[in-house]
Amino acid sequence: GVVSALFSTPVDVVKTRLMNAAGGNKGAIQYKGVIDCFINMPKKEGIGSLYKGFWPLAIRKVAWTVVFFLVNEQALKVIRGSYS
């Protein structure tokens, strides 16, 4: 959960920035493209700008993974007849 959030958060933040700029948001900083955004965001705002929203995403992924495996294990026990 946390590892996938580490890799996916910067990509999501850059995508959101580019979509906001393309949507005609006059307050949005204009970037030339994905690479320009990846380079200039940390230069102007610091490396933390690529990880905005990291903790809510990581917590959601970890919680979902825990619930998934708990339900999966219980379902497998029922299917295999461990509760008989």
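What covers the buried residues of helix 3? Among what covers them is helix 1, going by contact, meaning heavy atoms within 4.5 Å.

Before you click on, some ground rules. This is a predicted model, where local features need pLDDT of at least 70 and side-chain atom pairs count only at pLDDT 80 or more, while totals for chains, interfaces and linings use all residues. Numbering starts from 1 along each chain as its sequence is written, and side-chain values use heavy atoms, with hydrogens and water left out.

Select 54–80: that's helix 3, with 27 residues. Helices here are DSSP runs (H or I, at least four residues), numbered from the N terminus. From first C-alpha to last, helix 3 reaches 39 Å, close to the 39 Å expected at 1.5 Å a residue (1.5 Å times one less than its number of residues). Its buried residues are F54, L57 and A58; buried means under 20% relative accessible area with a 1.4 Å probe, protein chains only.

Next, show V13, V14, Y31, C37, M41 and L50, the largest nonpolar core. Such a core is a set of buried Ala, Val, Leu, Ile, Met, Phe, Trp, Tyr and Cys residues joined through side-chain atoms within 4.5 Å. Helix 1 (2–22) and helix 2 (34–45) each supply at least two of its residues.

Last stop: S49, in the loop between helix 2 and helix 3. S49 is buried, at 3% relative accessible area. Its side chain reaches the backbone oxygen of M41 at 3.5 Å. Leaving aside neighbours within four places in sequence, S49 is in contact with V13, M41 and P42.

Note on methods
Buried means under 20% relative accessible area, exposed over 50%, partly exposed in between (1.4 Å probe, protein chains only). A polar contact is a pair of N or O atoms within 3.5 Å; within protein, one must be able to donate a hydrogen and the other to accept it, and residues adjacent in sequence count only if both atoms are side-chain atoms.
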